[in-house]
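Please look at the chain as a whole before turning to its parts. The paragraphs below lead from the ligand to the sheets and then to single residues.

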Amino acid sequence: MAMATSPHTLLLKNPNLTPLKNPNFNNPITTTNTNTRFNLTAKPLSIKCAATSQTQTPIQAPPQTQSHQDRLFNFAAGPATLPEKVLLKAQSELYNWRGSGMSVMEMSHRGKEFLSIIQKAESDLRTLLNISDDYSVLFLQGGATTQFAAIPLNLVSPSDTVDFIVTGSWSDKAFKEAQKYSKPSTIWSGKSEKYTKIPSFHDLEQNPDAKFLHICANETIHGVEYKDYPSPKNGLLVADMSSNFCSKPVDVSKFGLIYAGAQKNVGPSGVTIVIIKKDLIGNAQEITPVMLDYKIHADNNSLYNTPPCYGIYMCGLVFEDLLDQGGLVEVEKKNEKKAEILYNAIDGSNGFYRCPVEKSVRSLMNVPFTLEKSELEAEFIKEAAKENMVQLKGHRSVGGMRASIYNAMPLAGVEKLVAFMKDFQARNA
Ligand SMILES: Cc1ncc(COP(=O)(O)O)c(C=O)c1O
């Protein structure tokens, strides 16, 4: 193909774009971001293009392996850190997925390559969570927030009562959205105790005619996590598992519906996973938009319209990685160990650090803590960042600090944080 018609050439000809001359190679590289310098210190790879007649400007792939020092310990609540192995695998497959001659980003969602990707992702997730054939697994878009509306729209009629346990900001948001499409009632709220508790299930009084009970299995902002689950009167339990999805084994058969945004434990943002008992599908309210109707997505194997293909591919790589680690029993052990050393450091600090959450329901994933001398919090965050530990600031609604230690946070990251906390205390007590 003549260079004049190549999309790369169009970029090169655009006078507003600055070609960066990489000192290591002769090829000019064009970028819209003049601050960006790609690290092209790796040996040039020879890349064969599937479209045979085109002459391709060789773009050098970044190094296949990078030193750990290049990466920070990212304690963000989501989007969050991803397993290094998964990122490197995705990097190695980015340009040409397994000999297909194209990136996953370029594939038709109806082609055999992508079908194999989504089917494998679903099957690996089913293995991980031991999901029976009574359940559909849907890969959707719109974040968990969209599910706050989709759930009442699909499961009940506008006059139906539904129960909510409100243990933090996320269950509160779900409750508020449900008001538009059903008659929700809060049967327990932890608001007056600043969302530091989960209720005892014996004390709960469910509405006798409630069509489902909604919980948030792990409150990402407040750091409270269910260690067991209530049994609703009619058996229909609905759970937002966005921030502890695949962090431990779960008995899916206890739930009518589980939903989770991917961007904490299992992939990038843009993918929302819904696991729903099949007999609950097919009764959506008439006003339900087609994109929120579970039946449409279930009947079309999550391919009714163009799904978030690359995100689903990344989730699939994460599921493979979790299986390689020995499944969720092993993953939970690692998560328990990380959480234990962090909570021990907080509790053993003689009050220098404090976690407000009741011990029995402390999250394995999101650890909020404050400093007794709150005026030191900004300094703590600044110094931690200098030590390559970032995103430790608490959510703007609660302040303090929060360390999110999802599956992909290595033990070394938590150990480093704990060592830093001890040192910071020694210098500032
Ligand atoms: C528990 C929980 N539910 C729901 C949401 C909203 O998710 P999304 O931003 O994907 O809509 C979040 C986001 O952080 C969350 O942590």
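By class, the shell around the ligand holds 3 nonpolar, 7 polar and 1 charged residues. In this scheme Ala, Val, Leu, Ile, Met, Phe, Trp, Tyr, Cys and Pro count as nonpolar, Asp, Glu, Lys and Arg as charged, and the others, Gly among them, as polar. The residues that surround the ligand are Gly78, Gly143, Ala144, Thr145, Trp170, Cys216, Thr220, Asp240, Ser242, Ser243 and Gly261; a residue is near a molecule if its C-beta atom, placed from the backbone, lies within 6 Å of it. Helix α4 (residues 143–155) gives the largest share of this shell, 3 residues.

The model is predicted, and local features need pLDDT of at least 70, side-chain atom pairs count only at pLDDT 80 or more, and totals for chains, interfaces and linings use all residues. Residues are numbered from 1 along each chain as its sequence is written.

The chain has 10 helices and 16 strands. Helices (H or I, at least four residues) and strands (E, at least two) are DSSP runs, numbered from the N terminus. Of the 429 residues of the chain, 38% count as buried. A residue is buried if 20 or more other C-beta atoms lie within 10 Å of its own, exposed if 12 or fewer, and partly exposed in between, with C-beta atoms placed from the backbone.

Strands of a sheet pair through backbone hydrogen bonds, either parallel or antiparallel. Here, 7 strands form an open sheet in the order β4-β12-β11-β10-β7-β5-β6, and the pairing is mixed; two strands pair if DSSP finds at least two bridges between them. At the edges stand β4 (135–140) and β6, each of which pairs on one side only. From one strand to the next, the twist averages 20°.

Strand β4 is joined to strand β12 (residues 272–277) by 6 bridges, and the two run antiparallel. Within this pair, Val137 stands opposite Ile275.

Together with helix α5 (residues 169–178), strands β5 and β6 make a right-handed β-α-β unit. A crossover is right-handed if, with the strands pointing away from the viewer, the path from the first strand over the helix to the second runs clockwise.

Two residues are in contact if their C-beta atoms, placed from the backbone, lie within 7 Å.

Another open sheet has 3 strands in the order β13-β14-β16, with antiparallel pairing. Its edge strands are β13 (353–354) and β16, each pairing on one side only. Strand β14 (residues 366–371) pairs with β16 over 4 bridges in the antiparallel sense, and the bridge partner of Phe369 is Met401 in β16. In a regular strand the side chains alternate between the two faces of the sheet. In strand β16 (residues 401–404), Met401 and Ala403 point one way and Arg402 and Ser404 the other way, and all are buried. Helix α8 (residues 328–347) lies across β13, β14 and β16, at about 15° to β14.

Finally, some single residues deserve attention. Ile312 has its place in helix α7 (residues 309–324). Why does Ile312 count as buried? Ile312 is buried because 24 other C-beta atoms lie within 10 Å. Leaving aside neighbours within four places in sequence, Ile312 is in contact with Ile117, Ile118, Ala121, Phe139, Val271 and Pro307. The C-alpha atoms of Ile312 and Leu140 are separated by 9.4 Å, although these residues are 172 residues apart along the chain.

The peptide bond from Gly78 to Pro79 is cis, with omega near -5°. Pro79 is placed in the loop between β3 (73–74) and α2 (84–93).

Conventions. Axes are lines fitted to C-alpha atoms, for helices over the stretch in contact, and angles run from 0 to 180 degrees between N-to-C directions.
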